[in-house]
Amino acid sequence: MTAAEAPSAPRLTAVTPAGSPWLGFGRLLRAEWTKIRSVPSTVWSLLTFVIVAVGFSTLIATVIAHDWNAPGNHPNHAKLLTDPTAVIFGAGLGLGQLAICVLGAIVITSEYTSGTIRASLLAVPNRIPMLTAKAVVFAALDFVVSAITVFAVFFITTAILHSHVSITLSQPGVTRAVIGAILYLTVLGLFALAIGGLIRHTAGAIAVVIATVIVVPPLVSLIPGTIANHIHGYLPTVAGELVAQTSQQSGDVLSGWQGFGVFCLWTAVLLVACGWLLVRRDA
Amino acid sequence: MAEAPGVIEAKELTKRFGDKVAVDHLSFTVEPGRVTGFLGPNGAGKSTTMRLILGLDRPQSGTATIGGLTYHQLARPLQTVGALLESRSLHPGRSARNHLLYLAETQGIPARRADEVLDLVGLRAVARKRVGGFSLGMTQRLGMAAAMLGDPLVLLLDEPVNGLDPEGIRWVRTFMQQLAGQGRTVFVSSHLMSEMSVTADYLIVIGRGRLIADSTTQEFIQRSSERSVLVRTPDPGPLGELITGQGGTIASQDSLDGVTSLVVTGLPAPRIGELAASASVVLYELTPRLASLEEAFMELTADSVEYGDTAKARQGRRQEERSVR
């Protein structure tokens, strides 16, 4: 910034009014992709997810295989035969999903805590298309990383358990469960993103998402009675996880796809609320 | 309705935060081809007004338009309006170039334009560094680069010289004048009258969200600058009565070490000298003074300073001004 360099003279044309706010949605997708890939938190959250998911699944599978003939291991045998993916995905994805929750929330709260939201809204004053582009780009990234991770977990763990029990994609419900796990993790990211957009503070949003995923369900399940059992069954992630099971278990209120539908409904309602508030609140 | 493309127009803008009125039925027009200063004490509503023009905040009533359109109606807003906000609007983990790149992509602006504006503000060398490590001055420059990204017709700059060193301040000044010279609209806010007096061709002055003055800088200075005369004498005797008898006013009077100082308004210095001679009053000093622009501004906005007492605000502002110089 030595001598003031003047830019060339501007185009003194009339100001043009916008057509539909959805015109140029492709540009918004591209910009959101640049945004999400250019911050370190994205890389760290996704790396954490992959390492925790693959690492813990491998560990658990190794322990089960090693202790196969040890006394007291029978519940795992039975479970592996009736609902193999629940065992395979249980530990690794159950823990790894928290990284997806964190990233989903941060994708939107970091715009508020850093003030980037103002720069973003100056560029794209129509807030609903901006939120939609953000959700689409994040969901796509989440889907791809989840697909790679879920298949990796499936093939690694089944290989470890191979000498004791054979689990393949062709067995009834297994492929559905694997696809279901990927879809569950994708919608989970959007669920966290919506909560992030509603709360707008990183710490608060992460606390609420994590509480919803791992604190509330066990608390509700402590309440005795069938009503509490139904409430528990309809909680967002409790319902959502059902689609990653090979078959409906006794005590499940909903079937796999029903549960996933309930989870999608929760997420959709939160996203709509998020958009509604985004348009009405001062940025 | 066809309006001149670069005209900013605020009509009866009103914004309340809870029961506090930030902007109160504010109307003004900003014309292209000149630098328009937006002046007011801290908390006068300058930033809020700019945010209302930019569609970041929603007014309770009134409208703000650019070339006859609201900000939301602009097709590719960054190619019409470039804005530098007072509050930070950068992700600390993102590089300067990526910040500009995503903004360019939203408008369909080619990526090389990001490099061009980085050159323009002298940040090319740190283009790929994370902005979290930038100084306030570098952050301001990146903000200017973002404002220039779409080669806009209209520039809204909220306190652009904040945090800049003297060289940076001079750069921003020259830059704004060049942009206005090209026929662009430059609307720049500041709480420093001295800064505006050398930068702006036209002034819009607000206090407590209301319009106080709307005129060329020259008119504003002439209208607001009050002449006074400092008179120092060991014994004023009847001088005070003579002055008031001739239509003058004693603005202030105090004594120190046997010398009385009078500040007189409404009478020229030669006339006061004649009066003193006629009454045989000894004068040690007779000095005509022009109130500084900053003082004039302070007087004008004294009633509208939002926080604290005026004297304290005045002192604070002087210190701030000194540090800017």
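Let's start in chain B, with a strand pair. Strand E8 (residues 202–207) and E9 of chain B run antiparallel, joined by six bridges. Within that pair, Gly207(B) has Arg210(B) in E9(B) as its bridge partner. A word on terms: helices (H or I, at least four residues) and strands (E, at least two) are DSSP runs, numbered from the N terminus. Strands pair if DSSP finds at least two bridges between them.

Some ground rules. This is a predicted model, in which local features need pLDDT of at least 70, side-chain atom pairs count only at pLDDT 80 or more, and totals for chains, interfaces and linings use all residues. Residues are numbered from 1 along each chain as its sequence is written, while chains are lettered from A and ligands numbered from 1 in the order in which they are written.

Back to the sheet. E8 and E9 belong to an open sheet of six strands in chain B. The order is E5-E6-E7-E3-E8-E9, and the pairing is mixed. Strand E5 (81–84) and strand E9 (210–216) of chain B are at the edges with a single partner strand each, so one side of each has no neighbour in the sheet. From one strand to the next, the twist averages 15°. Angles here run from 0 to 180 degrees between N-to-C directions, and axes are lines fitted to C-alpha atoms, for helices over the stretch in contact.

Helix H1 (residues 46–53) of chain B touches E3, E6, E7 and E8 of chain B, and its direction makes about 150° with that of E6(B). Helix H5 (residues 166–181) of chain B touches E3, E6 and E7 of chain B, at about 150° to the direction of E7(B). Contact means that the C-beta atoms of two residues, placed from the backbone, lie within 7 Å.

Now, strand E7. How many of the residues of E7(B) are buried? Six of six, over residues 185–190. Buried means 20 or more other C-beta atoms within 10 Å of the residue's own; exposed means 12 or fewer; partly exposed is in between; C-beta atoms are placed from the backbone. In a regular strand the side chains alternate between the two faces of the sheet. Both faces of E7(B) are covered. Thr185(B), Phe187(B) and Ser189(B) lie on one side, with Val186(B), Val188(B) and Ser190(B) on the other.

E7(B) has parallel partners. Strand E3 (residues 35–39) of chain B pairs with E7(B) over five bridges, in the parallel sense. There, Leu39(B) stands opposite Ser190(B). Strand E6 (residues 154–158) of chain B also runs parallel to E7(B), again with five bridges. Leu155(B) has Val186(B) as its bridge partner.

For contrast, take Ser252(B), in strand E11 (residues 249–256) of chain B. Ser252(B) counts as exposed because it has 11 C-beta neighbours inside 10 Å.

Chain B also has an open sheet of three strands, in the order E2-E1-E4, with antiparallel pairing. Strand E2 (20–30) and strand E4 (61–66) of chain B are the edge strands, each pairing on one side only. Strand E1 (residues 8–17) of chain B is joined to E4(B) by five bridges. One of the partner pairs is Glu9(B) with Thr65(B). H1(B) packs on this sheet too, touching E1, E2 and E4 of chain B, and its direction makes about 115° with that of E1(B).

On to chain A. The elements are eleven helices and zero strands. The C-alpha atoms fill a box of roughly 80 × 45 × 30 Å along the principal axes. Of the 283 residues in chain A, 43% count as buried.

Helix H2 (residues 40–66) of chain A has 27 residues. H2(A) reaches 38 Å from first C-alpha to last, close to the 39 Å expected at 1.5 Å a residue. That expected span is 1.5 Å times one less than the number of residues. Buried residues in H2(A) include Phe49(A), Val52(A) and Ile64(A).

Next, H4 (residues 84–114) and H5 (residues 116–123) of chain A. Their axes come within 5 Å and cross at roughly 100°. H4(A) and H5(A) are therefore roughly perpendicular. The cut-offs: under 35 degrees is roughly parallel, over 145 roughly antiparallel, 65 to 115 roughly perpendicular, and the rest oblique. Glu111(A), Tyr112(A) and Ser114(A) in H4(A) meet Thr116(A), Ile117(A) and Ser120(A) in H5(A).

Last, the contact between the chains. Chain A gives 39 residues and chain B gives 52. Helix H1 (25–37), H2, H4 and H5 of chain A each supply at least two residues of the side that touches chain B.
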